[in-house]
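Hello,

Here is the structure for you to look over. My notes follow below it.

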Amino acid sequence: MAKGITKEQLLDWYRQIVLIREFEDKCDHLYQEKKITGVYLHLYSGHEATGVGAIANLEPRDHVITAYRDHGTAIARGVDPNQIMAEMMGKRTGVSGGKGGSMHLASRAHNFWGGYAIVGGHLPLAAGIALEAQYNETGAVVLSFIGDGATNNGYFHESVNLSGAWKLPVVWLIENNFVAMGTRVEDSTAQTELHKRAIGYGIKDMGRVNGQDVVEVYETVQEAVAYARENGPVLIESLTYRYKGHGVSDKTYSERFGEELREYKENRDPITLLANRLNKQYKNIQPELDKLQADAVRIVEESVTFALNSPDPTYEDLIANIYVEE
Amino acid sequence: MAVKNIPMREALRQALREEMLRDGRVFVMGQEVGEWQGTHRVTMGLLEEFGKKRVRDTPISEMAIAGSAVGAAMAGLRPVAELMTINFAFLALDAIANHAAKIHYMFNGQFTVPVVFRAASGWGNQATATHSHTPEPIFAHFNGLYVGCPSTPADAKGMLKASIRSNNPVLFTESIALYAKPGPVSDDEDLILPIGKADIKREGKHVTLATYARGVEWSLAAAKELEKEGIECEVVDMRWLRPLDTETLFESFKKTNRCVVVEESLPMYSFGSEIAAQLQENMFDYMDAPIKRVHSMDVPFPYAREIELMALPNAQKVIDAVKEIL
């Protein structure tokens with residue numbers, strides 16, 4: 001059982017996880033209803049425990065960066081769901097002013113450096129942000145999420161290698177959901193234990209973690225963050241599962257992976273696992289969990305109302321921020 | 001204040017050194033910038049003076065060099081990342097075009113990217129097809145990025161200093177053929193040449209020679225010859241491909257009504273194409289002759305000296321082009 005983790009922490013993680021699940025389900029519906037019209041929409045459903053458990057270890061001075069499956073990560077870092085939903089709908093009130101969309105959520109105020117849509121493109125940025133922390137001796141660490149697919153492109157190799165050479169304070173966290181867009185990990189590499197890549201770069205290999213169990217993720221990343229702050233980069237592989245297609249337009253996903261998907265939803269769901277843990281540990285807690293679920297529904301509904309009532313960007317917005325004015 | 005005759009590489013070194021002394025956030029990174037003293041000897045002596053923290057040798061990892069410089073810039077440092085030669089920048093194109101150039105806009109101004117990418121450019125040394133590119137126009141295609149290409153030591157110093165002080169990303173190319181050529185340079189540490197300002201290198205009234213970088217040398221040599229025949233060329237050194245100083249170009253063209261574009265690069269989708277299009281769209285009423293273009297031959301760059309020189313522009317080719325439209 002989790003050592004030193006309070007009931008309040010567990011409940012807060014439950015709150016975040018159900019909020020992310022609810023938010024993503026709503027995004028899926030809004031896409032089908034053509035209220036979210038952007039072509040790319042990658043949902044975090046199934047991954048929640050990894051994002052929430054990892055980010056829970058960070059201080060405000062620390063940094064988070066991720067790829068395009070970024071809604072859940074943004075919520076876990078504390079970004080306002082209203083602003084995230086407004087970004088989905090391309091509204092002026094969106095967290096990126098309606099100019100970035102689903103794949104490019106960022107909030108400087110939260111040291112949430114963004115979602116990035118080019119696979120692996122954010123990995124050298126993570127190294128650079130960590131270089132600033134080292135250069136200015138801020139003591140901050142960078143938590144960089146990495147999809148399993150990104151571990152096969154050059155950005156991963158060059159960035160992780162550089163982080164080792166320069167001993168940069170980065171926690172490289174692979175979210176291995178076993179499928180890169182539509183290609184299975186075993187069809188992409190002969191070394192399917194992705195954490196072992198760390199050995200080749202001479203950085204700390206923190207092994208595999210059950211990414212569906214928020215407590216296990218939290219504890220492993222806690223150790224990783226402490227290590228990175230003192231010594232330099234570490235690599236963790238979190239085994240998780242993608243409940244939806246690569247993007248919402250991926251229609252055949254559940255046909256292709258139906259059996260495995262059912263297994264995860266029934267026996268390894270982040271919400272169920274955490275609810276079971278809480279119920280086992282604390283008597284009569286279910287009403288509190290029900291309330292958190294109801295809150296999530298309300299918060300997401302409010303975000304939709306906020307977004308629908310927000311103004312569209314203007315011509316002035318179209319041409320603003322191409323360059324910094326000097 | 002003193003003015004000394006120094007080669008371009010030394011002028012560039014002065015710019016780096018002065019800006020590093022002025023601002024602790026400025027640092028140099030790249031392949032062989034430190035121990036090797038710079039492949040083109042631009043960074044010579046900087047490691048000894050500033051140490052390893054601010055003169056950072058990198059692995060041969062163009063994606064990570066450019067990308068981590070972007071991340072460090074977003075986080076508040078002011079990296080000058082050397083890509084050794086522009087040929088290698090193709091490996092870093094995503095970090096430059098998709099990240100450096102777009103992050104300020106994509107996240108609605110939340111981040112700035114004050115990075116300078118330096119690279120040597122050009123051909124004529126039997127370096128062959130992969131090591132002889134002058135692709136500045138490719139980079140100038142991307143809004144969000146500035147592209148500077150100096151033709152003299154004084155310009156190199158003033159333009160590089162402006163680039164380092166700019167809050168926008170700059171791609172800065174240095175003609176290999178010009179590194180050793182001397183010119184008068186002031187030791188005024190605040191001599192900054194504004195970004196996007198062209199320079200009339202020679203005044204004339206019969207034809208405008210629109211050019212940049214090494215093309216200035218061929219243009220001035222041609223102008224000197226043509227003067228003997230009573231033909232007065234106005235040599236407009238654009239200096240920046242983006243922003244493009246069309247104002248200075250148009251003023252010159254209003255006077256001469258004729259233009260020959262002179263560039264080291266290739267003809268298709270080029271600097272010459274852009275200048276010709278700008279003049280045709282905006283200066284049609286002033287146009288007395290077709291726009292002529294002098295450029296490298298549209299062939300891969302060969303090894304053999306004889307045929308390599310055949311393919312390069314030179315002053316005689318400029319003279320011939322001028323005479324065709326007079």
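Chain B is split by its domain assignment into domain 1 (3-186) and domain 2 (199-325). Such bounds come from an automatic or database domain assignment. The model is predicted, so local features need pLDDT of at least 70 and side-chain atom pairs count only at pLDDT 80 or more, while totals for chains, interfaces and linings use all residues. Residues are numbered from 1 along each chain as its sequence is written, and chains are lettered from A and ligands numbered from 1 in the order in which they are written.

The domains of chain B first. The C-alpha centres of domain 1 and domain 2 lie 26 Å apart. Contact joins 24 residues of domain 1 to 20 residues of domain 2 (C-beta atoms, placed from the backbone, within 7 Å). On the domain 1 side, helix H7 (136-140), strand S6 (146-148) and helix H8 (153-165) each supply at least two residues. Helices (H or I, at least four residues) and strands (E, at least two) are DSSP runs, numbered from the N terminus.

Now a sheet in chain B. Five strands form an open sheet in the order S9-S11-S10-S13-S14, with mixed pairing (strands pair if DSSP finds at least two bridges between them). S9 (199-202) and S14 (292-294) are at the edges with a single partner strand each, so one side of each has no neighbour in the sheet.

One pair in detail: S10 (residues 207-211) and S11 (residues 233-237) of chain B run parallel over five bridges. There, B:Leu209 stands opposite B:Val235.

Best wishes

Conventions. Contact = placed C-beta atoms within 7 Å.
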